[in-house]
Amino acid sequence: MPNTVPDPTSVRRRKPFLTPSTGVSSDSDADTISNSDSIKPKLVTVNAAATKLQLHESKKLHSYHKRVHSRRTQFSARVSPLSEPNTSLRGFITFFWMGIGWYSVFTLHRSFMENGEFVRPQFLKLLGHDAQTLAIADAVLVLSCGTCVLIQGAVKHGFVGRRVASIGGHVWLVGWFVGFMMWILRKDWRWTQTGYLTLHCIAMLMKQHSYLASNSELFWKRDVLSGMVDEIRELEESKDSPVSSNASTLRRGSLSSLETDDLTVEAKVVLLKAEADSIKAELKGKWNGVEFPNNITVANFVDYMLVPTLVYELSYPRTEKFNPSAFLERVGYTFISFFLLCTTVDQYILPILHETHKMDFFTTVIYLIMPFMVCFMMIFFIVFECICNAFAELTCFADREFYQDWWNSSTFDEYARRWNKPVHEFLLRHVYLESISTLHSSKQNATLLTFFVSSVFHELAITMIGKRVRPWLFGFQMFQIPLIWLARLEFMKRRRWFG
């Protein structure tokens, strides 16, 4: 029975192991790395023995090159649930804003009747405290992030190696972050200024880490691609050697060791070319075609700093043009929502906090639950619906799904994935998947590490604001892990209403 060797070009048209345009989910990444059954290639139509040999070789080759998998985020042109034109929540949103409007009228009327003024600007005075120093510090914080471009530019132009730049980048991030945190602690600021600059510093830390880690990985993949090209050339030259020619003459008889070696070389060449094509696609921007490392420029970094995402990519989906009316609409929503937030804090939170020494704990909680819920909704709307969409419109960023329907979540892991997509994507890509691929952690340990990192940052923000360590928030957030396990029990799955 004659053996048929496939045309390499026809094989490459099939889906490779590591498609660059496919994002990686938290469950599929480890399975893709470990489960070799999902990568069985149909390379040649030969007898059963030859097919088995090639399958064994493809498994070994994939195991050898499994580190070249992609952790790219799936960006696409999307809108946020509350901004979708045909959303089923349109009536509810209208009703919500009508309620907020009457709530504002009631609050202003109550303030005028009790104090003789519509607004008591206590919260605004807190925000305006030492505003000039805050603005200068915020500008220095943002401008100092440009050091990342210098680090990656040094690698691009060959001044330093990739490993040296990686170590230097980590040293810079640790020194930069610790330095700002120590400076904020020494400032005699109110909790508003401290909280804002701490959260902004954490966000910029995530952006810098993603920029350095992503470009470092792309430099490594470029080196891997160069090695693959050399390996393909050597294998193709070995096929043309006299030994390979002698092997070809034996194909009409029974399978021999020479024939097996020749089939293995063919399989290696096809698989290596598929892997090389996959890496080449990853080294090129999906949306604008920019090729790595031509992306390492000041203009590209400035654009990345303005784009409302915490993970770096060579390119992002863009809208056709800037829409001034949509941008001004988001700015207007921001000011209106911020006014409502300040009014709620001034009228319903600060007076209670000033009188806590006269009330018991239970009464204080009862009085503060509703105002805090309103503030949570206002802050969520300001950050994810107003500010993120405003920056998205300013940069023509098309992927505006900054959150999903977290209000329909019945488990803590669903809520964590849906309510804050930018932070979720960062933790998924740079903590969860990174620990699986680099540290070879199990999915359970990677999940534990992800929750730990998230809890540390949340606790840090509270510690900086209160200037004291009270790890209640850290403990409650880590307590979500057993609650997630509990929600996955069959008893709980059948009673989602309980979640």
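The following paragraphs lead from an annotated histidine to a pair of packed helices and then to a residue elsewhere in the chain. The model is predicted, so that local features need pLDDT of at least 70 and side-chain atom pairs count only at pLDDT 80 or more, while totals for chains, interfaces and linings use all residues. Residues are numbered from 1 along each chain as its sequence is written, and side-chain values use heavy atoms, with hydrogens and water left out.

An unreviewed UniProt entry lists His-458 under "active site"; such annotations may be inferred rather than shown by experiment. His-458 belongs to helix α17, residues 443–466 (helices are DSSP runs of H or I, at least four residues, numbered from the N terminus). With a relative accessible area of 36%, His-458 is partly exposed (buried means under 20%, exposed over 50%, partly exposed in between, with a 1.4 Å probe and protein chains only). Leaving aside residues up to four places away in sequence, His-458 touches Leu-473 and Gln-477 (contact means heavy atoms within 4.5 Å).

Helix α17 also packs with helix α8, residues 162–186, at an angle of about 30 degrees, their axes being 11 Å apart (axes are lines fitted to C-alpha atoms over the stretch in contact, and angles run from 0 to 180 degrees between N-to-C directions). Helix α8 is therefore roughly parallel to α17 (the term covers angles under 35 degrees). Phe-177, Met-181, Ile-184 and Leu-185 in α8 meet Phe-457, Leu-460 and Met-464 in α17.

Elsewhere, helix α9, residues 191–239, contains Glu-234. Glu-234 is exposed, its relative accessible area being 55%. Between Glu-234 and Val-269, which are 35 residues apart in sequence, the C-alpha to C-alpha distance is 9.6 Å.

Definitions and conventions: Helix = DSSP H or I, 4+ residues; strand = E, 2+ residues; numbered from the N terminus. Parallel < 35°, antiparallel > 145°, perpendicular 65-115°, else oblique.
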